[in-house]
Amino acid sequence: MIGRLTILLLLLGTCGVSGYGEYRKRLPNGERVPHPCRANFYWHGLGHINALGGGRRNDFGKDFAAHGHTWTQALCRLDSDGDGMTNGQELGDPDCEWIAGSGNVPSRTTQITHPGVCDPYSSAACATKNDWVSCKGAELECDAINSPDVLNFTIRFPETEVPAEDTTYMCMIFDVPSDRDYHYIASKPLIDNDNVMHHIVVSGCSDTTEALPNAPYKCGMGAGRGCTTGIGGWTVGSPGECLNDKFGLSFGKSKFTRFALEFHWNNPNEVSGWKDSSGMTFFYTPKLRPNNGSIMSLGQWHLAIPPGRPEVTFRGECTSDCTQRLMTEPIYVPTALNHMHYLGRAGFVEHIRNGQRLRYLTNEPEYSYDNPRYFQFDEPVQILPGDSLVTTCTFQSTYKKKWVFYGDATSDEMCYGFLWYYPEHALKNGNCVSWKSINMCGSESITVENCNIWGFLFQADAQSKALYKAVDTNCILASNMCTPECKMAVLDYMQHPCMRGGDATSFIRHFSLDSVPALAFLAKLRMCDVKMTDVGFPTSGATGTSIASLLLIMLAMRVA
């Protein structure tokens, strides 16, 4: 089974050539130049005709090379594409003041245009000058879909209005072939409005007696209605998905008879009047492949990226103990992928055995969100129970003015590594993501510093249940009074190992703030202004820190 968080990011792409990363850093806004006719894409090989880099140079690339691949005042004042704007004006350095490596931000970081592409791009004056620019994306290459036994079906939204909101999640549920069992082996997107489409998640839906909607509906993160298991997806820059021929993803009579499409529309300028009718074409076969497969998710959930940093790195580990617990036999990995958003600059997944790195499953020192790179292994990599898997993500926040945190919006960030694996049954749970130093390890049971995290959060053991009940019974919100009974209950609660600081306490507080009942419970704790020194918490001040103050800080951090 593929977890919901995995599915959001199970978004597929192709291998591509990346422009010289060091050269981009030598130009103002060099890593942030938008493609003139492909929404949500950056032009990575700024000096090349190929937007991904490599091959013949465009006019700006020729001028850049003639100036020693250096941003000089002379290069800044040139008009390489002959559109009446200097290279400096197009790249956000109109006064030619920016210096590479200085750490300074160009005077303008928005409304950047390509100094080698005539602008306005679609104007009559630029039509012939821009005839070399390609507006087409990559095409899916998958020999398997041409096999005579392979069938296909297409599902897509009806034309639907896109709200004038920064982020919208819309879902729709569709019937799929279910007369027998099938293997899904490939897919490709049908993108109607690339101005707003950020990604598509495809989930398999369990049979249910619940009445299901037959039109698109706002769904937040997840389609609901029993549609919780991942089948596939798409993200910006991907031509589609083609699975290794040793496995397929199963659906049909004995598993999933419906698919849900979940769209993430990204509309940061809150434009009104846009519509979208995107969808997916699925390729499938009744000739089942040797193995059922699935996807394993690795990475780090806790991200806090300060502004103005050239490099910030986070790490998550699926430990040896976790793989020992989760795996019933070896798994085989034919494909691996890194996933971050636009601040992502480098990503790696390491395969470690007995403390020694065996290989990189992904090795991407020049990561690009809109050019997802898949690492394919002709001979699938064997992962044994007891091996560890380490994911490392590096971000660059040079142009950001505010902190960036983990989240699902394009303006948020993520840190994931994904492994396609088989056989499906060999892994009890495919979620092995970290939160700070804590590993979910399948989310079954997490004990840190004598704290059973899930047991405490959900009052699954007698002690936690009794402590929770004492606070809930003795602290009455309507009274707004800290009675002696309430204070004693709060003191007892705060002495539990799960509330004595460290990553376990941070984890519990973080996830509690996602729940309305938990917020009400936190309000009860606030009724008694208990000093943390009263319950043995170390503090740096003479008066200590009150629970009320701590909770206010927590809420402020959550809002931020």
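Predicted model: local features only at pLDDT ≥ 70, side-chain atom pairs only at ≥ 80, totals over all residues.
Local features were taken at pLDDT of at least 70 and side-chain atom pairs at pLDDT 80 or more, whereas totals for chains, interfaces and linings use all residues. Residues are numbered from 1 along each chain as its sequence is written, and side-chain values use heavy atoms, without hydrogens and water.

Helices (H or I, at least four residues) and strands (E, at least two) are DSSP runs numbered from the N terminus. Strand β7 covers residues 227–235, and eight of these nine residues are buried, so the strand is largely enclosed by the rest of the structure. Buried denotes under 20% relative accessible area, exposed over 50%, and partly exposed the range in between (1.4 Å probe, protein chains only). Strand β5 (residues 197–205) runs antiparallel to β7 and is joined to it by seven bridges; pairing requires that DSSP finds at least two bridges between the strands. Within this pair, Ile200 is placed opposite Trp234 of β7.

A nonpolar core is a set of buried Ala, Val, Leu, Ile, Met, Phe, Trp, Tyr and Cys residues joined through side-chain atoms within 4.5 Å. The largest such core has 81 residues, of which Phe251, Phe259, Leu261, Phe395, Ile453 and Tyr493 touch the most other members. Helix α9 (residues 484–494) contributes the most to this core, with five residues. A separate core comprises 21 residues, including Cys322, Leu326, Leu419 and Tyr421. In soluble globular proteins, nonpolar side chains tend to be buried together. Contacts (heavy atoms within 4.5 Å) were also listed for Phe251, leaving aside neighbours within four places in sequence. The partners of Phe251 are Phe153, Val176, Pro177, Arg180, Asp181, Tyr182, His183, Tyr184, Phe256, Phe259 and Tyr284.

Twelve disulfides are present in the structure, each defined as a pair of cysteine sulfur atoms within 2.5 Å. In the disulfide of Cys393 and Cys415 the sulfur atoms are 2.1 Å apart. This pair links distant parts of the chain, 22 residues apart, with Cys393 in strand β21 (residues 388–395) and Cys415 in the loop between β22 (404–405) and β23 (416–422). The link of Cys393 and Cys415 is right-handed, with 90° about the S-S bond. Cys393 is buried at a relative accessible area of 2%, and Cys415 is buried at 0%.

Cys475 and Cys486 form a disulfide with a sulfur separation of 2.0 Å. The torsion about the S-S bond of Cys475 and Cys486 is about 105°, so this disulfide is right-handed. Cys475 is in the loop between α8 (462–474) and α9, and Cys486 is in helix α9, eleven residues apart. Both Cys475 and Cys486 are buried.

For the disulfide of Cys482 and Cys528, the sulfur atoms are 1.9 Å apart. The S-S torsion of Cys482 and Cys528 is about 105°, so this link is right-handed. Cys482 lies in the loop between α8 and α9 and Cys528 in the loop between α11 (516–526) and α12 (547–559), so the pair ties together parts 46 residues apart in sequence. Cys482 is partly exposed, at 35% relative accessible area, whereas Cys528 is buried at 0%.

Helices α8 and α11 pack at an angle of about 70°, with their axes 10 Å apart. The two helices are therefore roughly perpendicular. Axes are lines fitted to C-alpha atoms, for helices over the stretch in contact, and angles run from 0 to 180 degrees between N-to-C directions. Angles under 35 degrees count as roughly parallel, over 145 as roughly antiparallel, 65 to 115 as roughly perpendicular and the rest as oblique. Tyr468, Val471 and Asp472 of α8 make the contact with Phe521, Lys524 and Leu525 of α11.
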